[in-house]
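I open these notes to record what I looked up, entry by entry. The structure comes first, and my entries follow.

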Amino acid sequence: SNSRKQRTRSWKKLMKDFDSNLEEGFSDLALGLWSNCVEEILQAEGQEGSKTQPRSAIRWPKQTRPLKHDKPAETRLVVRIRKMARRAKQLTHQLSRRAAARQEQDVRYVAKWLPQVKEPGVRWDAAALTIMADNHHKEKAIKGIDDWRDRMDNNVNAATKWVKKETTATKDKGFSREAHPQRRAEQMAKELEGWWSPDGFEEPDNECIDKYMGWVPEGGFKCPNIYFDAKDLRRRARSMATKAAGSDGWSGASLALLPESAWRPIAAILKRIWEDGMAIPKQWCHVRCTHIPDRFLGIAQLCWRAGICSVIQQMTPWINQWAPPELAGGLPGRDARSVHQSMMQDMEEQLGFNEPRHRHFCGFKKDIKKCFYTVVRKLSFRALEKLGIPQQYLNMMTDWYKNMVLQIDVDGVTAKHTIHPKRSIVTGSPDSCLQLAGLFACWIMTLKEVAPNTKATAYMDDRTQ
């Protein structure tokens, strides 16, 4: 009971400091106070262990250990000689019967290939053994290259097999795989920066998208009012219980433990951002991009994702007013099944499964390469603005993308090189498919106008909704 009273007093003090910082517009400090207090409560109740770094801190990537030069693999004999060198250095400072016995055992092993080791009257110190290991390793490397050249010259089948073998570059689809995990992460970060922030990139004029939006009525479509409710945010957080944590470390399993009262400060922050244009907390602008097969998945902070999901869900009636039925995937209530159903219906109408009609028709499929990476946000926001999206949404998302910092994770290693994208939308973010929907709707409606006998469907491959 005493601990519960202490937590109640801590929470009341938090809300007092939280309200004062929020009123002054210090969103970073307000979010930090909430995060620290909630973390202490979870630790006090035994639901979480202590952390070396609080989740409220803005976590910049750092290199945990220095890089080492990659060396060719050493043979077992060279490894044994190097052990002898280290042990010889140890025996010069301190005699040990056990170490001496192991040294004699290693000498007998090495002498099978290098008899000079057991020559009488010769003492091998650490420096001499190290030189012997380096020379033998160099000789083996040169001999390996010579043997490979002879094999390629004398065996056509071996040469053909070596040329046709699958390399790691083809597996990674363009990324030449580095051996060291840190170097691999840095290399992929530079490759992605070429897509997200290309040199000489200039944003096009709004006229590029306005000429394809003649089908939109003046003033766009009416969008319902948006609100932020603690109960709704908690429900969405509980549905994300299995989701991975963003760069702040708050996972779905941890946030699912919080009661509804703990989500009221988050709702207050989102409300101030939406209504008053308060700056988005810097913690929410850091996005972790994790490498999965064939692509990178952006993982934003769960509190931010819950808020954006709530906004888009409330916009569903507005989306249904302008999004054509041919548009599927990534939007509430739309998935790939509608595309498959439409395709089968067209085939049945043209071919006639019940009675042959002997008609001919053709179709094709087009996949946009690196679609999410190459979206120009200025045009996608312009399309949504013409469709009637609230100005508060445009201000909030523009601020988020403007201050975004992308951290690249590859095989559990974070690249030190962060990215500030000039273009692209985050793959895995709840808003990404809404931005694509505005652009694809213009394409579908324009195609209907110029080619009325052509039927098209567009599927946005994302699984956030």
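**Entry 1: Helix α16**

I began with α16, which is mostly covered, since 8 of its 11 residues are buried. I note that the model is a predicted one. I listed the buried residues of α16 as R377, L379, S380, F381, R382, A383, L384 and L387. I then asked which elements the buried residues of α16 pack against. They pack against α9 (207-210), α14 (316-322), α17 (391-402) and α18. Just after α16, I found that G388 takes a positive phi of about 105 degrees.

**Entry 2: α16 against α18**

I next looked up how one of these partners is placed. Helix α16 spans residues 377-387 and helix α18 spans residues 432-450; the two pack with their axes 8 Å apart and at an angle of about 75 degrees. Angles of 65 to 115 degrees count as roughly perpendicular, so α16 is roughly perpendicular to α18. From α16, the contact is made by R377, L379, S380, F381, A383, L384 and L387. From α18, L434, Q435, G438 and L439 take part. I sorted the residues of this contact into 7 nonpolar, 3 polar and 1 charged.

**Entry 3: Aromatic rings**

I turned to the aromatic side chains and asked how many aromatic pairs the structure holds. The structure holds 10 aromatic pairs. For W34 and W263, I noted ring centres 6.5 Å apart and planes at 50 degrees, so the pair is tilted. W34 sits in helix α2 (residues 27-44), whereas W263 lies in the loop between α11 (252-255) and α12 (264-276). The pair thus links distant parts of the chain, its members being 229 residues apart. Are W34 and W263 buried or exposed? I found both W34 and W263 to be buried.

I also recorded one aromatic cluster, formed by W284, W304, F381, W400 and Y401. Its member F381 is among the buried residues of α16, and F381 also takes part in the contact with α18.

**Entry 4: The whole chain**

The protein chain has 18 helices and 6 strands. Of its 465 residues, 43% count as buried. The chain exposes about 27,700 Å², and carbon and sulfur atoms supply 51% of that area. Among contacts with a separation of 6 or more, I noted that 74% are between residues 24 or more positions apart.

Conventions
Residues are numbered from 1 along each chain as its sequence is written. This is a predicted model: local features need pLDDT of at least 70, side-chain atom pairs count only at pLDDT 80 or more; totals for chains, interfaces and linings use all residues. Side-chain values use heavy atoms; hydrogens and water are left out. Helices (H or I, at least four residues) and strands (E, at least two) are DSSP runs, numbered from the N terminus. Buried means under 20% relative accessible area, exposed over 50%, partly exposed in between (1.4 Å probe, protein chains only). Contact means heavy atoms within 4.5 Å. Accessible areas come from the Shrake-Rupley method with a 1.4 Å probe; for residues, only the protein chains shown count as cover. Axes are lines fitted to C-alpha atoms, for helices over the stretch in contact, and angles run from 0 to 180 degrees between N-to-C directions. Angles under 35 degrees count as roughly parallel, over 145 as roughly antiparallel, 65 to 115 as roughly perpendicular and the rest as oblique. Ala, Val, Leu, Ile, Met, Phe, Trp, Tyr, Cys and Pro count as nonpolar, Asp, Glu, Lys and Arg as charged, and the others, Gly among them, as polar. Rings of Phe, Tyr and Trp (its six-membered ring) pair if their centres lie within 6.5 Å; planes under 30 degrees apart count as stacked, over 60 as edge-to-face and the rest as tilted.
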